[in-house]
Amino acid sequence: MQTALKLVLEPIFEADFVPTSYGFRPGRRAHDAIAEVRQLIHAPRSYEWVIEGDVEDCFGSIHHGLLMEQVRRRVTDKRVLQLIRRFLAAGIMREQGSLAATPSGAPQGSSLSPLLANIALSVLDRHFQQAWTSRSTRDRAKGLPSYRMIRFADDFVVMVRGTEAQAHAIKEQTAEFMAEHMRLTLSPEKTATTHVDDGFDLLGFRIVRHPSRSNKLGAYAYPSKRAVREIKHRIKTLTKSTMTNLSLDELIHVLNPALRGWTSYHRNGTSSRTFSYLSHYLWWRVIRWLRKKHSGLTWKQIKRQYWGSSWTAPEGARLAWPSKVPVGRYHYRGHRIPTPWTTPTATGRATTRTAGADA
């Protein structure tokens, strides 16, 4: 029922969502959000300050009344509205079998919750979109800041072209707006104002501005330290001495999905050195695992048995070495991102249908 409801509601609300919202939307990726941020940092835009927004327990704190108010802006069918409200108030089953009430928030893990969260957070999107569209060329001459928010689910950054004091003022205004209009709280400890030359983390990447080889300033996206720690921890966990009951073929089939998934996500960035480092780390972890598994064999015997152009199991399985993954640039798509409801017109241009009438 939730999936059927999502299929009806999604095209209706997609017509209203702003283009700088990327999370849990069809055809949009985390890489699009990162590309948008980099586009604002590059010259001639040259945004220099970033507000890293962190909402305290965002999905668990969404106010049901305010959310339903946003839903009623586009949906008038009382049966649909009642169904959404019942879904929000249904409660969560605990491990012990008891039912926990849900007076606020959208239960995570369901097919409808991401859409409802985007509807609730669209209030903040429209607030910043209005400030963006109302700016003029005279604002910069007057010393007024220019700013834009890029959001992926409950993670967002506000890019500011102005002074540090203006960036701090925008952060305080954002906190006040969210508290008054959304009943949400910005975490004072985790919400920071940072200069782009110092770098900041976003969606698994560390984005920092520095000169290129041609001495031209540009924004570069590296795998974040936290993301590297997580994949290293995964490799270490799978190659512990307690896993020596596996064959090398079985170990490779356990490691490869994690390696391929991580490198596939981070290949669209400045990741070559990180991939080389991970290959080096993976090499030594597999060597240690083999030495523990074959404690009676010498290093030469282990090398003769398993080493080819890469670690190769007798069954033929090979490790997915990160250093062999090609690294490329993700191109900025901006407003050219298509949706499932985009249809060509007679002039050849793409238009997005407002599906409210059809639904």
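**Helices 9 and 10.** I began with helix 9 (residues 225–238) and helix 10 (residues 248–266) in this predicted model, and I found that they pack at an angle of about 175°, with their axes 10 Å apart. Angles over 145 degrees count as roughly antiparallel, and helix 9 and helix 10 are therefore roughly antiparallel to each other. I then looked up who makes the contact: helix 9 brings Ala 227, Val 228, Ile 231, Arg 234, Ile 235 and Leu 238, while helix 10 brings Leu 251, Val 254, Leu 255, Ala 258, Leu 259, Trp 262 and His 266. Sorting the residues of this contact by kind, I noted 11 nonpolar, one polar and one charged.

**Helix 8, length.** I next checked helix 8 (residues 164–181), whose 18 residues should span 26 Å at 1.5 Å a residue, and its end C-alpha atoms are 26 Å apart, which agrees.

**Helix 8, faces.** Which residues of helix 8 are buried? I listed Ala 167, Ile 170, Lys 171, Thr 174, Phe 177 and Met 178. Looking down the axis of helix 8, I saw that these buried residues fall within an arc of 130°, so they line one face of the helix. I set beside this the general point that an α-helix has 3.6 residues a turn, so residues three or four places apart point the same way. On the other side of helix 8, I found Ala 165, Glu 176 and Glu 180 exposed.

**Helix 8, surroundings.** I asked what covers the buried residues of helix 8, and the cover includes strand 1 (49–54), helix 6 (113–133), strand 4 (146–152), strand 5 (155–161) and strand 6 (192–195). Last, I noted that helix 8 is followed by Arg 183, whose phi is positive, near 60°.

Methods. Residues are numbered from 1 along each chain as its sequence is written. This is a predicted model: local features need pLDDT of at least 70, side-chain atom pairs count only at pLDDT 80 or more; totals for chains, interfaces and linings use all residues. Side-chain values use heavy atoms; hydrogens and water are left out. Axes are lines fitted to C-alpha atoms, for helices over the stretch in contact, and angles run from 0 to 180 degrees between N-to-C directions. Helices (H or I, at least four residues) and strands (E, at least two) are DSSP runs, numbered from the N terminus. Angles under 35 degrees count as roughly parallel, over 145 as roughly antiparallel, 65 to 115 as roughly perpendicular and the rest as oblique. Contact means heavy atoms within 4.5 Å. Ala, Val, Leu, Ile, Met, Phe, Trp, Tyr, Cys and Pro count as nonpolar, Asp, Glu, Lys and Arg as charged, and the others, Gly among them, as polar. The expected span of a helix is 1.5 Å times one less than its number of residues. Buried means under 20% relative accessible area, exposed over 50%, partly exposed in between (1.4 Å probe, protein chains only). The arc is that of the directions from the helix axis to the C-beta atoms.
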